Amino acid sequence: MDDSTKRVLQRTMRRIPSYMLRTTLEKWGRLTAEQQQSIHCIQSKWAITEALLTICEENKLAMKHLTELEMIYIMDNPNQGMWYASQLLDPEDDAHSVDLMQFKEQFKSHLKELVRHVSVKIKKNTDQAVWIRIAWGDAFSRPNHLKPTYVVHYLQTPYVFVTSLTLKQKPLLSQAVVLSTRYRAIKDANLSGRKLTAIRDLLMRTYQQVFPTKYPSPLTENNQTISNPHIEKEQAEPAANRLHMACKAFGGGALPQLQSAVYKLETKFRDHSNKTMTEREEPFRCVVKFASTNLLESLRHCASSGIASTPVTPLLSCIPLKGRNYFVITDNDPGPSSQTRQPQN
């Protein structure tokens, strides 16, 4: 086993939590039952890694086997790293008939035509998603398995999700995906996040969208103090109205755990007390970012509780409506417009 293979195994072992190790090794299926029993998960990560290195050398496992282990762990734990969504455009007549075998053959063939040294591994997950692991090289260097790109694509849909992709690699990947899926173009969907499941559900509308048809009743609290019934009645109607407006904008069910939304402003500065800025010909540029562990749930709560005014501004309600979390606002277009954003490492 060469040094690069050992480094890949060491890196993978650092990422896998000890409590998940035994299950992940079982899914990998490269060790005998006796060898798996010899791995004691209560030991230190260094001791476990050294023991696994010895077993892998005894079994003559190579780089392709160790990247399988990494891929199994990433597929089971996709909500890490920054994921970027893209959308395929202009399908050809046979785009909806592309099966897994056709896609695998075409993708590998097209990418290897573009990149001399590249390693590609493709697996289908239990949710029908096609996972692709790409280790990039170039004309003079071998594929770097320590910095792979992961791509997730659902066949017969126009959506692609990518993580750990550089600007140099992006056009190569885009061309290979477009050709192998029988589409004619691909664009940035202006949606990103650290939870792949959240941006997938938001873009593909796979979460339960529950919108009210009438004013719902506000939630009752425990241990309520006795108060004037006329005051309660007077307060109940505005509370129900706020909750209705909030649910109308974001839905009434569980929402995808989107973690941020970014608004890039390119507008004329408007403040009569600041003539220096107001008289500038160039637009005023700034970036506003909303962040939360569950942004959509937080926005819905702000609207329903009265922290934010209702009805909800279209600048916020368009996040679930358009399936995006990156917008550019200009004077030419009063509503939020989209603009292509390049992925960053």
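Biologist: How do the axes of α11 and α12 cross, and within what distance do they come?

Modeller: This is a predicted model. In it, the axes of helix α11 (residues 295-305) and helix α12 (residues 314-322) come within 11 Å. They cross at roughly 140°. That makes α11 oblique to α12.

Biologist: Left-handed or right-handed, where α11 passes α12?

Modeller: Left-handed.

Biologist: Which residues meet there?

Modeller: From α11, L295, L296 and L299. From α12, L316, I319 and P320. By class, that contact has six nonpolar residues, with no polar and no charged ones.

Biologist: Staying with α12, which residues are buried?

Modeller: L316, S317, C318, I319 and P320 are buried in α12.

Biologist: And what comes just after α12?

Modeller: G323 does, with a positive phi of about 65°.

Biologist: Switching to sheets. What is the order of the three-strand one?

Modeller: β8-β7-β9. The sheet is open and its pairing is mixed. β8 and β9 stand at the edges with a single partner strand each, so one side of each has no neighbour in the sheet. The twist averages 15° from one strand to the next.

Biologist: In what sense does β7 pair with β8, and over how many bridges?

Modeller: Strand β7 pairs with strand β8 (residues 284-291) in the antiparallel sense, over eight bridges. K264 stands opposite V287 in β8.

Biologist: Then what about β7 and β9?

Modeller: Those two pair in the parallel sense, over five bridges. Strand β9 covers residues 326-330. Here Y263 stands opposite F327 in β9.

Biologist: Why is β7 described as largely enclosed?

Modeller: Six of the eight residues of β7 (residues 260-267) are buried, so the rest of the structure largely encloses this strand.

Biologist: Okay, the six-strand sheet. What is its order?

Modeller: β2-β3-β4-β5-β1-β6, open, with antiparallel pairing. β2 (118-124) and β6 (183-193) are the edge strands, each with a single partner, so one side of each lacks a neighbour in the sheet. Neighbouring strands are turned by 20° against each other on average, direction ignored.

Biologist: How many bridges join β1 to β5?

Modeller: Five. Strand β1 (residues 83-91) and strand β5 (residues 159-163) run antiparallel. Y84 stands opposite V162 in β5.

Biologist: Which strands does α7 lie across?

Modeller: β1, β3, β4, β5 and β6. α7 runs at about 125° to β6.

Biologist: And where does α5 lie?

Modeller: Helix α5 (residues 63-76) lies across β2, β3 (129-136) and β4 (149-154). Its angle to β2 is about 50°.

Biologist: Back to helix pairs. At what angle do α6 and α7 pack?

Modeller: About 145°, with the axes 8 Å apart. Helix α6 is residues 100-114 and helix α7 is residues 170-181. The crossing is right-handed.

Biologist: Which residues make that contact?

Modeller: α6 gives F103, Q106, F107, H110, L111 and L114. α7 gives L172, L173, Q175, A176, V177, L179, S180 and T181.

Biologist: How do those residues of α6 and α7 divide by class?

Modeller: Nine nonpolar, five polar and no charged.

Definitions and conventions:
Residues are numbered from 1 along each chain as its sequence is written. This is a predicted model: local features need pLDDT of at least 70, side-chain atom pairs count only at pLDDT 80 or more; totals for chains, interfaces and linings use all residues. Side-chain values use heavy atoms; hydrogens and water are left out. Axes are lines fitted to C-alpha atoms, for helices over the stretch in contact, and angles run from 0 to 180 degrees between N-to-C directions. Helices (H or I, at least four residues) and strands (E, at least two) are DSSP runs, numbered from the N terminus. Angles under 35 degrees count as roughly parallel, over 145 as roughly antiparallel, 65 to 115 as roughly perpendicular and the rest as oblique. A crossing is left-handed if the near helix is turned anticlockwise from the far one by less than a right angle, and right-handed if clockwise. Contact means heavy atoms within 4.5 Å. Ala, Val, Leu, Ile, Met, Phe, Trp, Tyr, Cys and Pro count as nonpolar, Asp, Glu, Lys and Arg as charged, and the others, Gly among them, as polar. Buried means under 20% relative accessible area, exposed over 50%, partly exposed in between (1.4 Å probe, protein chains only). Two strands pair if DSSP finds at least two bridges between them.
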